[in-house]
Amino acid sequence: MASDGARKQFWKRSNSKVPGSLLKATPKVPTTPVKAKRVSTFQEFESNTSDAWDAGEDDDELLAMAAESLNTEVVMETANRVLRNHSQRQERHKLQEAPGPEQKPKPLAEPHLVPSGDLRLVKSVSESHTSCPAEELRKLSWSGIPKPVRPITWKLLSGYLPANVDRRPATLQRKQKEYFAFIEHYYDSRNDEAHQDTYRQIHIDIPRMSPEALILQPKVTEIFERILFIWAIRHPASGYVQGINDLVTPFFVVFICEYIEQEDVDAADVSRVPADVLRNVEADTYWCMSKLLDGIQDNYTFAQPGIQMKVKMLEELVSRIDEQVHRHLEQHEVRYLQFAFRWMNNLLMREVPLRCTVRLWDTYQSEPEGFSRFHLYVCAAFLVRWRKEILEERDFQELLLFLQNLPTAQWGDEDISLLLAEAYRLKFAFADAPNHYKK
């Protein structure tokens with residue numbers, strides 16, 4: 001109908017005023033001449049280098065508890081507290097570096113990095129003899145989980161363990177027994193013609209994982225091979241795909257650190273861990289990883305449609321929240337798939353240190369659809385975090401190499417908390433109105 005066409009045209013003409021969109025400044029033509037340097041193109045770069053994101057080398061939803069909505073007030077309070085603490089720390093740092101002539105720098109007390117909910121979380125998980133409500137557990141876990149109760153909390157949040165305390169020992173025993181029945185039934189088939197390609201690819205990929213100090217321990221390598229092979233055999237719709245291997249590490253590290261004293265998760269030494277403990281950790285890791293993958297399995301089916309869709313959504317979202325960055329990437333022929341494919345495929349594990357991944361996953365498991373839907377907003381916040389450096393790069397090759405090797409080696413919990421706070425703000429603005437980030 002004509003009225004429908006007119007309505008569509010009206011909305012097209014008014015798209016700059018859609019709620020949630022940003023006011024756009026007219027881009028100015030740079031007055032300073034760019035140095036006479038031949039800018040490389042994507043085609044030239046691709047022909048001279050290997051695959052841009054190294055895909056060939058390196059690379060249920062969360063059950064009933066993930067179906068409930070997270071309390072908005074709680075998370076907004078957490079986000080604002082993180083930002084306030086960061087601002088106060090920056091001010092104190094400035095005062096410490098540049099004291100006035102008559103002002104002596106005051107000794108700064110180390111900021112209390114443990115969120116206020118942590119003590120309640122420890123009490124709820126460790127001391128309670130009754131069920132801890134799922135919603136309450138997620139609220140307390142969103143801003144970070146203390147190391148002593150992280151293993152049990154992750155098992156609860158993932159849906160692996162029941163909330164009822166009395167049922168947990170029997171559930172653990174049954175699931176661990178079930179996993180090793182899979183090993184006995186399937187693992188000997190790894191050298192069969194039907195499965196040898198899968199096993200060989202797993203065997204090749206594991207040594208390329210990080211951290212090397214953990215992965216290269218023979219016992220760890222064997223555990224990872226079994227977990228990945230059994231998962232692939234039992235999920236023929238996707239089978240094994242590069243990227244799944246990285247998702248084993250955080251669960252294994254969190255569960256094994258319950259039995260070792262090392263603070264550095266990157267260098268966890270399993271040589272002194274008893275064999276029966278290692279067996280239980282292996283089974284727990286398998287089941288928790290399976291729960292995670294149940295919610296994002298379309299990332300790893302043929303042609304990886306889940307990742308393709310999420311990268312497209314990321315591009316649309318960034319074009320609305322920071323059009324200048326989006327236009328800059330377009331002008332230099334950088335495609336989102338060239339850097340964000342790995343962000344989705346590996347859930348940012350190749351972009352930040354393992355300790356940061358563990359902290360990130362505290363929140364992902366506290367968020368409804370944390371590993372799929374919320375991860376999109378984290379990736380958007382992560383990209384815009386580097387806007388200054390991105391806008392300074394004027395060459396395709398340098399820009400792409402920067403996006404594939406972001407300087408996060410020194411990142412810690414505070415950096416991740418700031419990233420999560422910004423991601424939640426984006427979710428709060430866009431999640432309930434997805435058309436706001438579509439042009």
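Is C257 buried or exposed? C257 is buried, with a relative accessible area of 9%. The close-ups below take up this residue again, along with several other spots in what is a predicted model.

**View 1. The whole chain, as a starting point for the close-ups.** Before zooming in, here is the setting. The protein chain is built with 21 helices and 0 strands. Of its 439 residues, 48% are buried. Its accessible surface comes to about 23,100 Å², and carbon and sulfur atoms account for 52% of that surface.

**View 2. Two buried cysteines, C257 and C379.** We return here to C257, whose relative accessible area is 9%. C379 counts as buried too, because its relative accessibility is 0% and buried means under 20%. The structure holds 0 disulfides. As a reminder, a disulfide is a covalent bond between the sulfur atoms of two cysteines. C379 comes back in the next view, where it is one of the α18 residues listed in the contact with α14.

**View 3. The crossing of α14 and α18.** Follow the two helices to where their axes come within 10 Å; the crossing angle there is roughly 50°. The pair is therefore described as oblique. The crossing in which α14 passes α18 is right-handed. On the α14 side, the contact is made by K310, M313, L314, L317, V318 and I321. Their partners in α18 are S372, L376, Y377, C379, A380, L383 and V384.

**View 4. The buried residues of α15 and what covers them.** Which residues of α15 are buried? They are E323, V325, H326, H328 and L329. Their cover includes α14 (305-321), α16, α18, α19 (387-392) and α20 (396-404). Beyond the helix comes E333, the subject of the next view.

View 5. E333 lies in the loop between α15 (323-331) and α16 (336-345). Its phi is near 60°, a positive value in a residue other than glycine. E333 counts as partly exposed, because its relative accessibility is 29%. Now turn to E369, which sits in the loop between α17 (354-364) and α18 (370-384). E369 is not a glycine either, yet its phi is positive, at about 55°. With a relative accessibility of 27%, E369 counts as partly exposed.

**View 6. A cis peptide bond at P211.** What kind of peptide bond joins S210 and P211? The bond is cis, with omega about 0°. To find the spot, look in the loop between α9 (196-205) and α10 (212-215), which holds P211.

**View 7. P236, an exposed proline in a loop.** P236 belongs to the loop between α11 (218-234) and α12 (248-256). P236 is classed as exposed because its relative accessible area is 71%, and exposed means over 50%.

How values were computed. Residues are numbered from 1 along each chain as its sequence is written. This is a predicted model: local features need pLDDT of at least 70, side-chain atom pairs count only at pLDDT 80 or more; totals for chains, interfaces and linings use all residues. Side-chain values use heavy atoms; hydrogens and water are left out. Helices (H or I, at least four residues) and strands (E, at least two) are DSSP runs, numbered from the N terminus. Buried means under 20% relative accessible area, exposed over 50%, partly exposed in between (1.4 Å probe, protein chains only). Accessible areas come from the Shrake-Rupley method with a 1.4 Å probe; for residues, only the protein chains shown count as cover. Contact means heavy atoms within 4.5 Å. A disulfide is a pair of cysteine sulfur atoms within 2.5 Å. Axes are lines fitted to C-alpha atoms, for helices over the stretch in contact, and angles run from 0 to 180 degrees between N-to-C directions. Angles under 35 degrees count as roughly parallel, over 145 as roughly antiparallel, 65 to 115 as roughly perpendicular and the rest as oblique. A crossing is left-handed if the near helix is turned anticlockwise from the far one by less than a right angle, and right-handed if clockwise.
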